[in-house]
Amino acid sequence: MAIGSGLGAQLGIAAESTYGTYVAPTKFVEFTKEGLQLKKTTAQSAGIAAGRLLPLSSRRVVTQRQASGSIEMEVTTKAMGLFLQGLMGTSVTPVQQAATAAYLQTHTLADTAGKTLTIQKGVPLTTGTVTRKNFLGCKITSGEFSCGVGEMLTASFEIDAQDVEETSVLAAASYPAMAPFHFMQMSLKTGVYASETARDGVRKVSVKIERPQDTERFYAGAQGLKAEPITNDQVKITGSIEMDYVDTILDDLHTSDAATSLVLEFVGANIASTYDETFRITLPAVRFDEAPPVVDGFGLIKPTLSFTGLFDGTNQPKIEYISAESAL
C-alpha cells in the first residue's frame, strides 16, 4: 500500500493510436507538480412550476466534458521522449549511435496532428489506497524549459485533454535509473547556425514553445466530447537570458536587430564512446526584443535579454536528446 500523501502519487504515460482512446501506461515519469483536472460544463433546467423555490436536482445535466492542466518536472536523462514528441510534432524513432548503447532522438518542429497521449495519474487517499484518473486525448499546448545558477533543468508542460475516466486499472509504476540535467552541465551558444560559440556570463536561460490549437471542437453526435484540437496559429517561441554584462555581443544584436542562431545545451555523463547524455535546444534564428544594460546600484550590471524565435527560411527549431533509451 502506498503512502497516504503526495509521496505515494504516480504519473504514467503512453502514446495513443486513436485520439481519446485509452492506452495503458508503459512509461512512468518523475514529476514535481501537476494540475490535471476534469472540467465539466453543466446546464440547469429553469422551468417554472407553481410553488417550486429551488431548481430540481434531477433536471441538471452535463453538456460537455474536457480536461486540462500542467505538469512540472526536472528534465532527466531518460523518460522525456514522449513529452518532447508531443510538443514538437515529429514522429521520432531513436537512432543508435554507432554500435553503442547511446540513442539520439531528434525532435524537429512539425504539426502535432495525431500526437496524443494517455496520461494516468495515481492520487493517494490518506489511507494509502491510490485512486486513478486516466486523462485521454492529451495534447501538449506549450512547453517551457528553464535553468539557472545552482538549479536543475526544469520543464513545464501545458496539457489539453478530451476526457477523464476512472475505470481502467492503475498501472504498477516502475522507474529506470536516470539523472537530472543541471546548471553545471549547461552552456549557451550563439552565432552562425551549426557553428555557434559559447557565450560567457550567462546565469539563467528560459525557452518557451507554444503550440496554439483550437481546443473547442465540440460537435453534435460526440456525446459532449471534443474532436482532436487542430493547430490554428503559428508557433510562438520566446525566451530570456539573464547574464552579467561581460561583453556587448548580445547587446549589439539587440541594437542591430540582427538574427543569430541560439543553442541551449546540457551534456551529462558518458554513455559509451564519444556519446554523452545530452539535451539540446537549437533555435536557428532568434532576435532580441529587450536587452537593457541598466545601472541600478554599485553591483555588477545584470541585463535580462528577451528574445523571439523565428524561421531562418531553411532550418527548423529542434530538440535533440541523447540517452540510453532505444524507444520513446
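**Stop 1: Q120**

Select Q120 and show its side chain. A polar atom of that side chain lies 2.9 Å from the backbone oxygen of V169. That is a polar contact: a pair of N or O atoms within 3.5 Å, where within protein one must be able to donate a hydrogen and the other to accept it, and residues adjacent in sequence count only if both atoms are side-chain atoms.

Before going on, a word on what you are viewing. This is a predicted model, in which local features need pLDDT of at least 70 and side-chain atom pairs count only at pLDDT 80 or more, while totals for chains, interfaces and linings use all residues. Residues are numbered from 1 along each chain as its sequence is written, and side-chain values use heavy atoms, with hydrogens and water left out.

Stay on Q120. It sits in strand β8. Helices (H or I, at least four residues) and strands (E, at least two) are DSSP runs, numbered from the N terminus. Is Q120 buried or exposed? At 0% relative accessibility, Q120 counts as buried. Buried means under 20% relative accessible area, exposed over 50%, and partly exposed in between, with a 1.4 Å probe and protein chains only.

Now show what surrounds Q120. Leaving aside neighbours within four places in sequence, its contacts include Q10, Y22, P25, R132, N134, S168 and V169. Contact means heavy atoms within 4.5 Å.

**Stop 2: salt bridges**

K121 lies in β8 (residues 117-124) and E34 in β3 (residues 33-34), so the pair ties together parts that are 87 residues apart in sequence. K121 is buried, at 8% relative accessible area. E34 is partly exposed, at 24%.

The rule for a salt bridge is a side-chain nitrogen of Lys or Arg within 4 Å of a carboxyl oxygen of Asp or Glu. How many salt bridges does this rule give? The count comes to 13.

Next, select D163 and R65. They form a salt bridge, with the closest N and O atoms 2.9 Å apart. This pair links distant parts of the chain: D163 is in β11 (residues 163-165), R65 is in β5 (residues 60-74), and they are 98 residues apart. D163 counts as buried at 12% relative accessibility. R65 counts as partly exposed at 27%.

Then try K226 and D160. Their side chains also meet in a salt bridge, 2.9 Å from N to O. K226 is in the loop between β15 (213-214) and β16 (230-231), and D160 is in β10 (residues 154-161), so the pair ties together parts 66 residues apart in sequence. K226 is buried, with a relative accessible area of 2%. D160 is buried too, at 7%.

Finish here with a group. Select K189, E265, R280, K318 and E320: salt bridges that share partners join them into one network.

**Stop 3: strand β21**

Six bridges join β7 to β21, and the two run antiparallel. L104 has I322 as its bridge partner in β21. Two strands pair if DSSP finds at least two bridges between them.

**Stop 4: the helices**

Select residues 81-88, helix α1. Eight of its eight residues are buried, so α1 is largely enclosed by the rest of the structure. Just after α1, G89 takes a positive phi of about 105°.

Jump to α2, residues 249-256. Which residues of α2 are buried? They are L250, D251 and L253. Seen down the axis of α2, they fall within an arc of 155°, so they line one face of the helix. The arc is that of the directions from the helix axis to the C-beta atoms. These buried residues pack against β12 (186-191), β17 (236-243), β18 (260-272), β19 (275-290) and β20 (304-310). Just after α2, D257 takes a positive phi of about 60°.

**Last stop: the cysteines**

Select C138 and C147. C138 counts as buried at 1% relative accessibility. C147 counts as buried at 1% as well. A search of the whole structure finds zero disulfides, a disulfide being a pair of cysteine sulfur atoms within 2.5 Å.
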